[in-house]
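Hi,

Here is the structure I promised to send over.

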Amino acid sequence: MNDKAAPLNAPNMPLASGLDMLTQHSMALAEALPQIVWTANADGWLDFYNQRWVDYTGMTTEQTQGWGWEPVLHPDDQQHCVDVWKKAVETGTPYEIEYRFKRASDGSYRWHLGRALPVRDAAGNIIKWFGTCTDIQDQKEAYVLVEGKIQQRTTELATANTNLLREIEERKRIAAKQQLDAIRLNEIITTQYLLAGAKLDLEAFFGLVVNRMDLLTPAAGSVVEIAEGDEIVYRAATGVAAGYVGLRLNLHASLSGLCVKSQEVLRCEDTENDTRVDLAACQRLNIRSMVVAPLFYEGKAVGVLKAMGSVPHAFAESDVQTLQLLAGLTGAAIGHQTAFEAKQKLLTELSAAVEATKANEQRTRTIIESSYDAFIAIDADGRIADWNQQAEATFGWTREETIGQRIHELIIPERFRAAHLAGMQHFHDTGEGPVLNRRIELQGLRRNGEEFPLELTINAIRSNEKYEFCAFLHDITERKKAEEELLHKAQYDQLTGLPNRTLFNDRVAHAMERAKRSKKLMALIYLDIDYFKNVNDTSGHSVGDAVLKEFAARLTASVRASDTVARLGGDEFVVLMEELRGPADSAIITEKIMRNVRSEAHLDAHVMNITTSLGGAFYRGEEMTVAELISRADAFLYQAKKAGRNTACWESPVPGGIPSIIEG
């Protein structure tokens, strides 16, 4: 207020009548408004209130002319209100403040937004002040509620992202276990093929069994022991027991002897705490756990198959099942025992071995046909020798159509066939196969020409100086789709479809490494939407979401296809730009962003003008973290907002120079 003005609280100050400054039309308009309307003379003395003031405060116009707000204005707000009003009157600038009025109907204090504008004559002199008071109590309470919901929603989204990442890790763990199980199944079937095709030489057969036992389990050594009277003899051994073939032990003083007597599988989880074992012998061989399974011939236990571990609890239940399977196959071959003196006995036992082999072949065929994976056997020339029912369902070709056909012409996409043939030739030349005994992912080809992802496990079996290949294949289309969906949800913003903070940080880290190597300029832009909070407060969150999606679309359309646009959260967005020719490129892109963003938008029956504030920072390969680079761009965004919004502020092209401002 100027020096000539009297104090605002001077009593009985003479006032100009409101009718001197308001026409009848203006008076009617003031009375029709839902807000409190008041006027003051050029010196700031209030001289008119509409009926809304009387109804709300219970005080008459005469009671509150001049400066009579003390009875209704909250005591804590009075001095601030006087100070702001004095400053407005003195400077002639618009008056805006929030304060609390007492409502006469219930005596409660409610927040109001007070505004006043000066009315000037032709010479620019203030002749009147026109003001309003708007009740904003409900808006303030709603704002607190909305802020709470936003915080809750942010927490829920963060939790959802964490859960999604955990689910991805769990799926990876399950997939890894399935891979190991599938490899083990393939090895077991391969073992059955090998044993079924083995020559009728008992010692060689025993050697093959113990070697496969070491391959299929974590055994540090495996042994076939045959009972002879009161002794049990090592007939084949590998690993830590390899040097003890021919060793004879007392049948009644070992875990193996107890297994023969009980005719049951026996487990020793820790040799240091099991009185059934020869502790001294175990310590000499560094054996801490064992599993033994009886070998049966004509219903009688005639020996054992034993697996030995170098650590306690070395064997899982699946290892015990493998031991039992191999023990059963070994028992079927015991028909070649050393007492082949009588020709009739030899013929009888040969016949038993043949029957056992047939049974094993039938069991193998049953396993193959009941498998959930496609099974394909291929000869040395790459022609199909076997094709199960699941292979028919997976690829669309019947068994009759495939036998004898070259596999690469049926199920391998054309662009991969040359590599397949080269790999086959390399294996025949060197015996090396990098894909053997591993689970790998590749593309398959159905009969209808459709390509699809599959998992392959393949093993090579040597037979009659030639190789045969056994492969298990599994269609992973649905799994890959589910993994991609989960990964997308964890890395992309669900509202705008843009990369989220996690994915953006990863891309920035890789981009910074590339910039260090290439010495090419890189830039990072940090943006937010001007006054976005007002959109949510006045138009609702559905319109706010529409604004965010429209802003994301305009921002994406404003940058290069090679640039990355991401949403960090709320109305905060970032842009990563690599391989800039110079700082001038950033100015071109900035101007395009500012221009595209501020064009008129029609959203959910609302017409809006969107603007943005933008901060940009350059990266030239210096030592800096991702967080530091983003923080630097954010600091320039803050400067742009201080400069009045709808403005871009860029780091100086010259380190230590003055930032550049680009106004919208």
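This is a predicted model: local features need pLDDT of at least 70, side-chain atom pairs count only at pLDDT 80 or more; totals for chains, interfaces and linings use all residues.

Six strands form an open sheet, in the order E8-E7-E6-E11-E10-E9, and the pairing is antiparallel. At the edges you'll find strand E8 (248–250) and strand E9 (266–268), each of which pairs on one side only. Going from one strand to the next, the twist averages 25°.

Now for the E6–E11 pair. Strand E6 covers residues 221–228 and strand E11 covers residues 300–309; the two run antiparallel, with six bridges joining them.

Helix H6, residues 202–216, lies across E6, E11 and strand E7 (231–237). Relative to E6, helix H6 runs at about 145°.

Stepping back to the whole protein, here are the overall numbers. There are 20 helices and 24 strands in the secondary structure. The protein has 664 residues, and 42% of them are buried. As for the contacts between residues at least 6 apart in sequence, 54% join residues at least 24 apart. The exposed surface comes to about 34300 Å², with carbon and sulfur atoms supplying 52% of it.

When you open the model, I'd begin with the sheet order, E8-E7-E6-E11-E10-E9, and then turn to helix H6 lying across E6, E7 and E11.

Cheers

Methods: Residues are numbered from 1 along each chain as its sequence is written. Side-chain values use heavy atoms; hydrogens and water are left out. Helices (H or I, at least four residues) and strands (E, at least two) are DSSP runs, numbered from the N terminus. Buried means under 20% relative accessible area, exposed over 50%, partly exposed in between (1.4 Å probe, protein chains only). Contact means heavy atoms within 4.5 Å. Accessible areas come from the Shrake-Rupley method with a 1.4 Å probe; for residues, only the protein chains shown count as cover. Two strands pair if DSSP finds at least two bridges between them. Axes are lines fitted to C-alpha atoms, for helices over the stretch in contact, and angles run from 0 to 180 degrees between N-to-C directions.
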